[in-house]
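Subject: Structure handover

Hello,

Here is the structure you will be working with.

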Amino acid sequence: MSQLQASDLGLKCVGTLYHNLDYAELFKHEQDRREGAVSENGTMMVDTGKFTGRSPKDKYFVQQSPSQDNIAWGKINQPVSAEIFDELYADTVEYLSGKDLYVTDGFSGANPDTRKSVRFITEIAWQSHFVKNMFIRLDAESLSGFAPNFRVYNAAGMPNEKWQKHGLNSEVFVIFNVEKNIAIIGGTWYGGEMKKGIFTMMNYWLPLEGILSMHCSANVGSDGDVALFFGLSGTGKTTLSTDARRKLIGDDEHGWDAAGIFNFEGGCYAKTINLSAENEPEIFGAIKRNALLENVVYDDDGVIDYASSAKTENTRVSYPIEHIANHEPTLKAGQPKNIIFLTCDAFGVLPPVSKLSKEQAMYYFLSGYTAKVAGTERGVTEPSATFSACFGEAFLPLHPTVYGKLLGEKMDEHGVNAYLVNTGWVGGGYGVGQRMSIKATRACIDAILDGSINKAEFDKTPFFKLSIPKQLSGVDTNLLNPRNSWADKEGFDTTAKKLAGMFVENFKKYVIDGDVDFTKFGPQI
């Protein structure tokens, strides 16, 4: 039971407050309240309702001073008035008041000097379990003196029935009030809104202090060499950074300050679609008691079918980072040596691995490219390009160039190498070529991390002007130059030129008068 009072939470009254329950207590609550089912190995499995992913069109910032002068307003960062926020906040308080609630405290940021103390108020046990997994858990000393810098009120069961009157997108709302240090969520049960909501706020706070916030995973070798892995969902960020030979710092969100790299989180959030013990043994082994599975398909005996996307392609598991045996317990390390940009190119024209100059790194960082495969119900196999600035535009409150400039400054200061790795298609686009195997991609990553890639001879690709190794241990030489791997060379040229044109068109918005123009370091057509 909690010593907190309703007034401490800004509520009118409360039922029973379950404050910072341990894992065993949360598991019992989830079972007693029938919030989920238990898998054959004892892992809790829950469904997140009709929303199995975030609702980016329902995310808003309160438009007010002084934060309104910092925020890059637009489709990503939509404005909402202080009056509408106040009305929905009052509705949220009314909705949560009188209920039995779960209050969970945690830190965002492993650096004590810049970390944020966050309090989550939820109405269901599994959401408390989720944030306990994802944020840095408090020790006894931290618990006794905890004072939240930011509060998240999750009224998942309360849709906004006045959304049309308010001029909003739907009955779902995820609203951040920077000045009041509050976020309110309603109409969606998806736990990822809380995780990415705090990441969004870290992306607001830290760059204003000269600290680069990043949507990346990170690991560290036995010699202290740190590697960063940037990439959008599905490119292999979590998989490739989880390596039995290197300590995992974190799989998704990090900061880069004068001392080095630090994790924002205390857990991992991995996709589980097509998960296998053979291809991803560390992640597979992390799924056990205290982990939390979302939207997976299972039989009456709790046996999970990881290949099934019957509920969603976005099946997930959250787990404490301690479930990865070879993790870095401090969640911190020194300055990075290598940066790896991951892309899943379904057009099949980007090479498996390329070495980038600093200027090229800036270009590909701001471009944030990957590709998605179209649905094939009617035989449509044409992939679509996705450009997400800094490999995480959906979570950037400031203009992308703020993060880009910080990256360039830190690469200069610490002499960091950068590489582009394609985990997508080779030998042809989707439907013709083949997906790069995890084994071959890991060989590319290994060559980067052990430095052997730097001993290779390099070629230049057409259009993209990327430096590619002629030979690399563990990778079929025919795959290293993407044009050589296509049977239809003319088809390659046409497709490469088409994708290059998409890059050029997308990058036009980053050409600002008086700023450095990085277009000459990107594709040329």
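Predicted model: local features only at pLDDT ≥ 70, side-chain atom pairs only at ≥ 80, totals over all residues.

Residues are numbered from 1 along each chain as its sequence is written, and side-chain values use heavy atoms, with hydrogens and water left out.

Cores

A nonpolar core here is a set of buried Ala, Val, Leu, Ile, Met, Phe, Trp, Tyr and Cys residues joined through side-chain atoms within 4.5 Å. Buried means under 20% relative accessible area, exposed over 50%, and partly exposed in between, with a 1.4 Å probe and protein chains only. The largest such core has 112 residues, and Leu228, Ile339, Phe341 and Phe464 have the most contacts inside it. Helix 6 (residues 192-205) gives the largest share of this core, seven residues. Helices (H or I, at least four residues) and strands (E, at least two) are DSSP runs, numbered from the N terminus.

Contact means heavy atoms within 4.5 Å. A second, separate core of 26 residues includes Ile84, Leu88, Leu96 and Met158.

Is helix 9 enclosed or open? Eight of the 10 residues of helix 9 are buried, so this helix is largely enclosed by the rest of the structure. Among the buried ones are Gln360, Ala361, Met362 and Phe365. Just after helix 9, Gly368 takes a positive phi of about 55 degrees.

Two packed helices are described by the angle between their axes and the distance between the axes. Axes are lines fitted to C-alpha atoms, for helices over the stretch in contact, and angles run from 0 to 180 degrees between N-to-C directions. The axes of helix 9 (residues 358-367) and helix 13 (residues 489-507) cross at roughly 85 degrees and come within 10 Å. The two helices are therefore roughly perpendicular to each other. Angles of 65 to 115 degrees count as roughly perpendicular, under 35 as roughly parallel, over 145 as roughly antiparallel and the rest as oblique.

On the helix 9 side, Tyr363, Tyr364, Leu366 and Ser367 meet Phe503, Val504, Asn506 and Phe507 of helix 13.

Strands

Two strands pair if DSSP finds at least two bridges between them. Strand 8 (residues 150-155) is mostly covered, with five of its six residues buried. Strand 7 (residues 116-122) runs parallel to strand 8 and is joined to it by four bridges; here Ile121 stands opposite Tyr153. Strand 8 also pairs with strand 10 (residues 182-186) in the parallel sense, over five bridges, and Val152 has Ala183 as its bridge partner.

Elsewhere, five strands form an open sheet in the order 2-3-17-18-16, with mixed pairing. Its edge strands are strand 2 (37-38) and strand 16 (267-271), each pairing on one side only. Strand 17 (residues 292-294) and strand 18 (residues 316-320) run antiparallel and are joined by three bridges.

A loop residue

Thr242 lies in the loop between helix 7 (237-241) and strand 13 (247-250). At 3% relative accessibility, Thr242 counts as buried. Leaving aside neighbours within four places in sequence, Thr242 is in contact with Leu248, Glu282, Ile283, Ile324 and Arg442.

Regards
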